[in-house]
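This report describes one protein chain. The sequence and the structure come first.

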Amino acid sequence: MAAEQSKQAAAVEPPKKQKRLFKRKRAGVVLTAQQVKEIKQGRKKLRRELRKQGIKKKKDFELTASSLGLYFDKSKKLALFWWLFWGKGKWLWLTAAAVLIGVLYGMSYVTDLHGHFTVSMSDRLFRDGFSISEIHTFENPTSHLFASPADGVPCISITRIPDNIDADELGASEEYFAYTFYVKNEGDVAQSLDWSLDIRSQSQNLSEAAWVMIFVDGKATIYAKADENGEVEALPAFDDNTRGYTQPPLCVHMAEPETQFEMVDTGGVAERWRVKPKPFLAEAQIASGRLEDVYPTQYHKFTVVVWLEGDDPDCTDELIGGHIGLDFAMEAVDESEEEAEENQD
């Protein structure tokens, strides 16, 4: 009975606070001692993984760590500076200058990070035993992945995307970006997870002409930003029946081919097809989904493909020099949320 009460007391024990004069913060929020420990461990693990990939520059490390939440606010030195010289006016001006320099320095980080592609999972999902990897054998499991952008890609047709684009040995080319990764449940219980592909940053409205294809366990869905009227950006356009694709591109891989393609009414001249991508969910969100009941030792495969669709009317010379950076994020689904959805059904 005493042991049981001890366990219950431990279960409700409040998070331990940091034992330091100047508390570690992230995004202005004071962290718990456990959160500080987890971030430090995550930074060490990330540094090792980037070095394995040949990425050794401190700048690249800090960019990736920042995008994954593995950072502390750089306030310790500033706080100490303020504490030592409080009340002396000249130091106030120096402090203001230091803050301005820090802001400009942070802005340069964002600029350099712009074209990168990151994959990450929430702290809870990681604690529940999930991991991600670039290979299905999970020899180097992690909680985050990082891919360099495809630079200087031209505008191409969807027909230029290879039929075996989600094969492990393929990746980014000179014409498009492609990245394959796996997520695995190495915990003890089944767990559902939500995923989302978001636009972290862009310039020159590159998303207007960027088409995206997401494979989930070999089944793909095509996405493109809606046109100026909020309608599906179909190719060819719905009011153009003079042309079309001789075969539905990558049709064999589509999760819902009946909604992604339709036959063009050419008046019986020839069989032609129209591609109907699903529109982006929001201005900064491309797509989202859910993996239901991922059981222990079970894994799922994702491939994300991005290209500039040359037949899209928004693919113009104005996009030259633009960039787009994407985040693929995963988080655990709360059991209470799942129960509520089941009750609604």
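## Basis and overall make-up

The model is predicted: local features need pLDDT of at least 70, side-chain atom pairs count only at pLDDT 80 or more, and totals for chains, interfaces and linings use all residues. Residues are numbered from 1 along each chain as its sequence is written, and side-chain values use heavy atoms, with hydrogens and water left out.

The protein chain contains eight helices and 16 strands, taken as DSSP runs numbered from the N terminus (helices H or I, at least four residues; strands E, at least two). Of its 345 residues, 39% are buried, meaning under 20% relative accessible area, with exposed over 50% and partly exposed in between (1.4 Å probe, protein chains only). Among contacts (heavy atoms within 4.5 Å) between residues at least 6 apart in sequence, 75% join residues at least 24 apart.

## Strand β7

Strand β7 (residues 177-185) is largely enclosed by the rest of the structure, because nine of its nine residues are buried. F177, Y179, F181, V183 and N185 point one way, whereas A178, T180, Y182 and K184 point the other way.

Two strands count as paired if DSSP finds at least two bridges between them. β7 pairs in the antiparallel sense with strand β4 (residues 130-133) over four bridges, where V183 is the bridge partner of I132. β7 also pairs in the antiparallel sense with strand β15 (residues 299-309), over eight bridges; here Y182 stands opposite K301.

## Salt bridges

The whole structure has twelve salt bridges, each a side-chain nitrogen of Lys or Arg within 4 Å of a carboxyl oxygen of Asp or Glu. One of them joins R124 and D334 (2.3 Å, N to O). R124 lies in helix α6 (residues 123-127) and D334 in the loop between β16 (324-332) and α8 (335-344), so the pair ties together parts that are 210 residues apart in sequence.

In another, the closest N and O atoms of K225 and E283 are 2.7 Å apart. K225 is buried at 11% relative accessibility, while E283 is exposed at 56%.

## E233

E233 lies in the loop between β10 (219-224) and α7 (257-260). E233 is buried but has no salt bridge, and R243, the nearest side chain of opposite charge, is 9.5 Å away. For charge, Lys and Arg count as positive and Asp and Glu as negative; His and the chain ends are not counted. Leaving out residues up to four places away in sequence, E233 touches W211, K225, D227, P277, D312, P313 and D314.
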